[in-house]
Amino acid sequence: MKLAHSHGVLVYLALNIPIKQKELQHALDIADCAYAAGVDALILQDLGLLRLLNEIYPDLDIHASTQMTIHNKRGVNFVAGMGVKRVIVSRELTAAEVKDIVDHSKAEIEVFVHGALCYSYSGKCLFSSFLHGKSANRGACAQPCRRKYRFVVNGREVDERHIGGSYPISCAELSTITGLEDIVKTGVVSLKIEGRMKKPEYVTASAAAYKAAVQGICVQEIIRQKRNLKQEKPNLQNSFTGVLQEASYLEKKAYPTLNTVQTTGCSLEKSLIFPAQKGIRNLQFG
């Protein structure tokens, strides 16, 4: 904690799983240790734990995880009333919905800009639990959506071309680097890069690329930035073995299409990245 703070880096603890009754004391102990160590915020999903921590540590910042699937201003204002300072909104929102939330919410808004995409709604997938007894909502996703599948109807196997290939529900990685200027103008206060189980090289390359992009945009070097953003994408592509998808938050509500790219995922529709007014204050990994 001290090392991170000495470099001007904020530390957030992700405790964003539903808490079982028998786990409550242990969760409180973890939060207490984090608070004593000087953690900057806790990222939570469980509403009961949220209420308790807000009562016990009223000066501790709490962020609502995307696992809460908060997708409108009513949801944002509800958790804001419980003491939440920032909400990481659902990745399924349209541009108009995000703008509306930013303009009318009582809490800070954060969005995902890069990294792995879940085929299901955040916090609602039961696929891994069904197949392996490992809950994606408890931090133990076995990622069955990344596997190869066959589609069988009435005992006959359907040609994979009709379901988008052998990996029909494996999503390409999200990348918004070329549209970051529009995201910055949205008014969200923070950008989140999904980096769970990623190598240090991935974290370094992604953080460096987005930090440079945001800094360039914020100092109004727009013309130069538009030219340079496209040069950053190869650096991000080289940091992992998958495929990057330029689309970010969809203008139309839709799940990823079933057009598979090799064995790494399927493409999303092109999107309109939300316009607005305010500026980004920080960049973080989730």
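I began with a strand pair: β5 (residues 108-115) and β9 run parallel and share 4 bridges. Pairing here requires at least two DSSP bridges between two strands. Within that pair, V111 has L191 of β9 as its bridge partner.

Before going on, I noted that the model is predicted, that local features need pLDDT of at least 70, that side-chain atom pairs count only at pLDDT 80 or more, and that totals for chains, interfaces and linings use all residues. Residues are numbered from 1 along each chain as its sequence is written, and side-chain values use heavy atoms, with hydrogens and water left out.

**Overview**

I looked up the totals next. The protein has 9 helices and 13 strands. These are DSSP runs numbered from the N terminus: helices are H or I with at least four residues, strands are E with at least two. Of the 286 residues, 46% are buried. Buried means under 20% relative accessible area, exposed over 50%, and partly exposed in between, with a 1.4 Å probe and protein chains only. Among contacts with a separation of 6 or more, 66% join residues 24 or more positions apart. Contact means heavy atoms within 4.5 Å.

**Strand β9**

Which way do the residues of β9 point? S190 and K192 point one way, L191 and I193 the other, and all are buried. I recalled that side chains in a regular strand alternate between the two faces of the sheet.

**Helix α8**

I then checked α8 (residues 200-218). The expected span is 1.5 Å times one less than the number of residues. Its buried residues are Y202, S206, A209, Y210, A213, V214, G216 and I217. They line one face of α8, because they fall within an arc of 165 degrees seen down the axis. The arc is taken from the directions from the helix axis to the C-beta atoms. P200, E201 and T204 are exposed on the face turned away from the buried side.

**Cores**

Which residues touch the most other members of the largest nonpolar core? They are L53, V87 and L180, in a core of 44 residues. Such a core is a set of buried Ala, Val, Leu, Ile, Met, Phe, Trp, Tyr and Cys residues joined through side-chain atoms within 4.5 Å. Beyond neighbours within four places in sequence, L180 contacts V113, L191, Y210, A213, V214 and I217. I also found a second, separate core of 5 residues, including Y12, A41, I88 and F112.

**Helix α2**

Helix α2 (residues 24-37) has 14 residues and reaches 20 Å between its first and last C-alpha, close to the 20 Å expected. A27, L28, A31 and A34 are its buried residues. They sit on the same side of α2, because their arc around the axis is only 125 degrees. Their cover includes β1 (12-15), β2 (41-44) and α3 (47-56). On the face turned away, Q25, H26, C33 and A36 are exposed. G38 follows α2 and has a positive phi, near 95 degrees.

**Residue D40**

My last stop was D40, in the loop between α2 and β2. The C-alpha atoms of D40 and V11 are separated by 5.4 Å, though the two are 29 residues apart along the chain. Leaving aside neighbours within four places in sequence, D40 contacts H5, V9, L10, V11, Y12 and D61.
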